[in-house]
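Keep the sequence and the 3D view at hand.

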Amino acid sequence: DHPRLKPADMRAYTLSRWLEAHPKWGQSTRSTRGSDVKIWSAFLDREGYLDGDRLRSARMPGAKKRDAADPAELLKLEAAITDQAFLDFYRVCYDTGCRPGEAASLEAQNLNLKKSTAIVSGKRGLRVIGLTPRAMRVLERLSEVYPQGPLLRTTRGALWTAYTLSVRFKKWCDVAGVQPITAYHLRHDLYRRWHAAGIS
């Protein structure tokens, strides 16, 4: 967008104008991309390429907060899904509160069915999650099909990606006639259910 702009000539308004020039970007996208550029500017300053961070004072739009899903619609969506592979992914996320990337990392070697736990690769490294009886049944069944590598896969045996999950969620939300729901809604609803059950 600014092929002739020198880093030394950047100012806070340069970044805000760049973000405003892309109205199709959502609030979260603008926040993420703006933050990435600010990190780059701080790097230039820290490494001595510039004599100061030109974008330190630039204000970024906050990431858009995701509203909670209607609990009844989560159950309605689950009841509408006939794609077994996606239903397995949905149920594991719903029951465990895993992030979608964590659920996609589940492998047979990391299951401990005696303790009803599993190890997933999370944002800050490996962590242990608890498994419900239903989640254990799903993962135990899949571990017989996929003794090596990720357990939760598409019908064709491919790995789940952010894109394929997005497509499936949209499709089945339309079929169920519910508001848009994402994998993160399942994670956030776990906290609601735990709180309602008196769990810390």
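This is a predicted model: local features need pLDDT of at least 70, side-chain atom pairs count only at pLDDT 80 or more; totals for chains, interfaces and linings use all residues.

Q: In what order do the elements of the chain run from the N terminus on?
A: Read from the N terminus, the elements run α-α-α-α-α-β-β-β-α-α-α.

Q: What is the radius of gyration of the chain, and what does the globule rule give for 200 residues?
A: The C-alpha atoms fill a box of roughly 60 × 40 × 40 Å along the principal axes. The chain is more spread out than a compact globule, because its radius of gyration is well over the rule's value. The two values are 21 Å for the chain and 16 Å from the rule.

Q: Which strands stand at the edges of the sheet?
A: Three strands form an open sheet in the order β1-β2-β3, with antiparallel pairing. An edge strand has a single partner, so one side of it is left without a neighbour in the sheet. The edge strands are β1 and β3.

Q: How many bridges join β2 to β3?
A: β2 and β3 form a hairpin with two residues between them. In this pair, Ile119 stands opposite Val128 in β3. The strands run antiparallel, and the number of bridges joining them is six.

Q: Which residue stands opposite Thr117 of β2?
A: β1 and β2 pair in the antiparallel sense over two bridges. Opposite Thr117 in β2 stands Asn112.

Q: Is Val120 buried or exposed?
A: Val120 lies in strand β2. Beyond four places in sequence, Val120 touches Cys98, Glu102, Ser105, Leu106, Gly125, Leu126, Arg127 and Ile129. Buried means under 20% relative accessible area. Val120 has 0%, so Val120 is buried.

Q: Which elements do the buried residues of α6 pack against?
A: The buried residues of α6 are Ala135, Met136, Val138, Leu139, Leu142 and Ser143. They cover an arc of only 160 degrees around the axis, which puts them on the same side of α6. The face turned away carries the exposed residues Pro133, Arg137, Glu144 and Val145. The buried residues pack against α4 and β1.

Q: How far apart are the end C-alpha atoms of α7?
A: Helix α7 covers residues 162–176, which makes 15 residues. At 1.5 Å a residue, the helix should span 21 Å. The end C-alpha atoms agree with this, because their separation is 21 Å.

Q: Over what arc around the axis do the buried residues of α7 lie?
A: In α7, Leu165, Phe169, Trp172, Cys173 and Ala176 are buried. They sit on the same side of α7, because they cover an arc of only 110 degrees.

Q: Which residues are exposed on the other side of α7?
A: The buried residues of α7 pack against α3, α4, α5 and α8. On the other side of α7, the exposed residues are Tyr163, Lys170, Asp174 and Val175.

Q: Which residue just after α7 takes a positive phi?
A: Helix α7 covers residues 162–176. Just after α7, a positive phi of about 70 degrees is taken by Gly177.

Technical notes
Residues are numbered from 1 along each chain as its sequence is written. Side-chain values use heavy atoms; hydrogens and water are left out. Buried means under 20% relative accessible area, exposed over 50%, partly exposed in between (1.4 Å probe, protein chains only). Helices (H or I, at least four residues) and strands (E, at least two) are DSSP runs, numbered from the N terminus. The arc is that of the directions from the helix axis to the C-beta atoms. Contact means heavy atoms within 4.5 Å. Two strands pair if DSSP finds at least two bridges between them. The radius of gyration is taken over C-alpha atoms; the globule rule is 2.2 Å times the number of residues to the power 0.38. The expected span of a helix is 1.5 Å times one less than its number of residues.
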